[in-house]
Amino acid sequence: MFDVLLETTDRTYEAVFYENELTEILVDAMPFTIDLRDFMGQEKVGSIPIKLPSLKAQQVGTVEKGHLYLWANTDLVLFYKTFDTTYSYVNIGYFKNAKEVDALVSATEITVILRKNFNLNR
């Protein structure tokens, strides 16, 4: 597992990334910035500025508030609601405190810097 910081202009959030091929690429490329926009009143979505290998997405059934996924091999998705879905994603990780995601809901667009949390990572 990798400890990651997601920084906005006024707050820093802690997340955990699962250890897999995708997250190793993302963590090695940090820091980088993603512009997240609201989508369907349930998630924030933004293009990852890194070329990623083709990865097999899986149907997740239910997405959980505070979880992070890769969609279409190009977009980071941060869910701020829990609901059932038929879409397929690659699971990236989750916010350490899912309730903190509520602070991100009101803004239509958010710029986030993803950084390694050097205090906790190996």
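A pocket here is an open set of points on a 1 Å grid over the protein atoms alone, where a 1.4 Å probe fits and protein lies on both sides within 12 Å along at least five of seven lines. The largest pocket holds about 220 Å³ of space, a volume being the space filled by probe spheres set on the points. This is a predicted model, in which local features need pLDDT of at least 70 and side-chain atom pairs pLDDT 80 or more, while totals for linings use all residues. Residues are numbered from 1 along each chain, and side-chain values use heavy atoms, without hydrogens and water.

**Largest pocket**
- Its lining (residues with an atom within 4 Å of a point) comprises 14 residues, and F39, E43, W71, Y87 and Y89 lie nearest the centre.
- Strands (DSSP E runs of at least two residues) β3 (32-39), β4 (43-47), β8 (75-79) and β9 (83-84) each supply at least two lining residues.

**Aromatic pairs**
- There are 6 aromatic pairs, counted where ring centres of Phe, Tyr or Trp (its six-membered ring) lie within 6.5 Å.
- Y69 and F79 pair edge-to-face (planes over 60 degrees apart), with centres 5.7 Å apart and planes at 75 degrees.
- Y69 lies in strand β7 (residues 67-71) and F79 in strand β8, so this pair ties together parts 10 residues apart in sequence.
- Y69, F79, F83 and Y89 form one aromatic cluster.

Terms used:
Helix = DSSP H or I, 4+ residues; strand = E, 2+ residues; numbered from the N terminus. Phe/Tyr/Trp six-rings, centres within 6.5 Å; stacked < 30°, edge-to-face > 60°.
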